[in-house]
Amino acid sequence: MRLVTLPGDGVGPEVTREAVKILTEVCDVHGIDLSVEEHLVGGTAIRNAGSPLPDSTATACSTADAVLLGAVGDPEFDDLLPEQRPEIGLLKLRQVLGGFANLRPARAVPALVDSSPLRREIFEGTDLLIVRELLGGLYFGQPRGFRNEDTEAFNTMVYSEEEIRRVARVAFQAAQNRRGKVTSVDKANVLETSRLWRQTVESVGKEFPGVELDHLFVDACAMHLVTDPRRFDVILTENLFGDILSDEAAVLTGSLGMLASATIGGPIDLFEPVHGSAPDIAGRGIANPLGAIASAAMLLRYTGGHEIAARSIEDAMTSVLDEGYRTPDIARGSGETIVSTEEMGSHVAKRAADNSQSSLAYHAV
Ligand code: NAD
Ligand code: IPM
Ligand code: MN
């Protein structure tokens, strides 16, 4: 597997380093041939190469098997227009790679249930997957800009049937392998794009008679996520709604630092934690690397088809949390050992290598 890593800004390099450490270790044990090439993106790319997505990065990514990104965003560039900011590097990268379905799983890990802002009886047992459309909607719709001497600004929310259909199929297929339920989220009481979204999802749903489909308006969905998160299996939604709902879902698990993502459906898959560059904690060695590490596990599963290797990482994360290791963002009570980003990565790497050794030994028998 030829992997390109884009550590990016803020905590991006800190968490990506741990993910790559574990990936290298696990691939080694499983005999997976992995090559890793690092490139620039985001604010650091603006500083060092004059562009948030240098041509050399785009070229390297478009010939890789998969891309693993840390985070982009830097307060130094906060006053710039959208087309000059670090974030545009990520948005252009998503277009270059072509993946349109962004999978963001959020699950109640038993050891962390008390780190959730929700009460245990509400959150326990939650296991949901957000399927966020990633290449359409307000993020990319034209026209956009400022007018009337910059006293007005506008963006365009646009979706075609085909853009909705292809991401809906990913959601229904995911539900077939889970608990068989899709909740499509829109704002069909106000927006035309949402009317089309709802009709199209309904018609795709007919191809999947074994999957139950319901619809929620996005405001109500935000409410149900905090009052009854167990009602969800797969949440299917458009780009901006998915961005907002996935931060909400992420923090239910204990911290934004826990959530992973995989972007699939295009020529090259992209993996990235859901969190940003976290400038408030960057450079202190305390960021939670588990979202990045879980993204690396998704990479082994979705791009590599290495299910056992992916599981060895996920099981290692569970063991390390069961043993009480916590980065500060998920620490809550007594009996926990507070660890740095690097220590958390090392604990997971060690358990993952052990798990891999024993699963290989088991399969050899
Ligand atoms: P953020 O996700 O960076 O941080 C929000 C809060 O969560 C902060 O308090 C932060 O300390 C905490 N947090 C985030 N990741 C964490 C981790 N791994 N461990 C522990 N705590 C963590 O969001 P923000 O502050 O709104 O944005 C900061 C910058 O990141 C902005 O420039 C934004 O555009 C960018 N951003 C990038 C991505 C991405 O690259 N995929 C995603 C979101 C935001
Ligand atoms: C995310 C981020 C990005 C998004 C930004 C940094 C462009 O918030 O991946 O959730 O809005 O998609
Ligand atoms: Mn986001």
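Leu 252 is buried, with a relative accessible area of 3%. That value falls below the 20% limit, so the residue counts as buried. The model here is predicted. Leu 252 belongs to helix H9, which covers residues 239-252.

What does Leu 252 contact, once neighbours within four places in sequence are left aside? The partners are Ser 116, Pro 117, Leu 118, Phe 123, Leu 225, Val 226 and Pro 229. Take Val 226 from that list. Leu 252 and Val 226 are 26 residues apart along the chain, and their C-alpha atoms are separated by 7.9 Å.

## The whole chain

Of the 365 residues, 54% count as buried. Now look at contacts between residues at least 6 apart in sequence: 75% of them join residues at least 24 apart.

Helix H1 runs over residues 12-30. It has 19 residues and reaches 27 Å from its first C-alpha to its last. That is close to the 27 Å expected at 1.5 Å a residue. The buried residues of H1 include Val 15, Ala 19, Val 20, Ile 22, Leu 23 and Val 26. Glu 14, Glu 18 and His 30 are also among the buried residues of H1.

Gly 31 follows H1 and has a positive phi, near 65 degrees. Ile 32 lies in the loop between H1 and strand S2 (35-38). Is Ile 32 buried or exposed? Its relative accessibility is 12%, so Ile 32 counts as buried. Not counting residues up to four places away in sequence, Ile 32 touches Met 1, Cys 27, Leu 300, His 306 and Ala 309. Met 1 is 31 residues away along the chain, yet the C-alpha atoms of Ile 32 and Met 1 are separated by 7.6 Å.

Helix H4 covers residues 86-97. Its 12 residues should span 16 Å at 1.5 Å a residue. The end C-alpha atoms are 17 Å apart, which agrees. The buried residues of H4 are Pro 86, Ile 88, Gly 89, Leu 90, Leu 91, Leu 93, Arg 94 and Leu 97. After H4 comes Gly 98, whose phi is positive, near 85 degrees.

Helix H6 covers residues 161-176. How far apart are its end C-alpha atoms? They are 22 Å apart, and 22 Å is also what its 16 residues should span at 1.5 Å a residue. Buried residues in H6 include Ile 164, Val 167, Val 170 and Phe 172. Glu 163 is buried in H6 as well.

## A cis bond at Pro 143

Most residues other than glycine have a negative phi, and most peptide bonds are trans. The next cases depart from that pattern. A cis peptide bond joins Gln 142 and Pro 143, with omega at about 0 degrees. Pro 143 sits in the loop between strand S5 (127-133) and strand S6 (145-147).

Pro 143 has a relative accessible area of 49%, so it is partly exposed. Not counting residues up to four places away in sequence, Pro 143 touches Phe 154, Asn 155 and Thr 156. Pro 143 and Thr 156 are 13 residues apart in sequence and 6.0 Å apart in space, C-alpha to C-alpha.

## Two positive phi values

Which way does phi point at Glu 149, positive or negative? Phi of Glu 149 is positive, near 50 degrees, and this residue is not a glycine. Glu 149 lies in the loop between S6 and strand S7 (152-154). At 79% relative accessibility, Glu 149 counts as exposed.

Ala 278 also has a positive phi, near 40 degrees. It is placed in the loop between strand S12 (269-271) and helix H10 (290-304). At 24% relative accessibility, Ala 278 counts as partly exposed.

Technical notes. Residues numbered from 1 in each chain as written. Chains lettered and ligands numbered in written order. Predicted model: local features only at pLDDT ≥ 70, side-chain atom pairs only at ≥ 80, totals over all residues. Heavy atoms only, no water. Buried < 20%, exposed > 50% of the residue type's maximum accessible area, 1.4 Å probe, protein only. Contact = heavy atoms within 4.5 Å. Helix = DSSP H or I, 4+ residues; strand = E, 2+ residues; numbered from the N terminus. Expected span 1.5 Å × (residues − 1).
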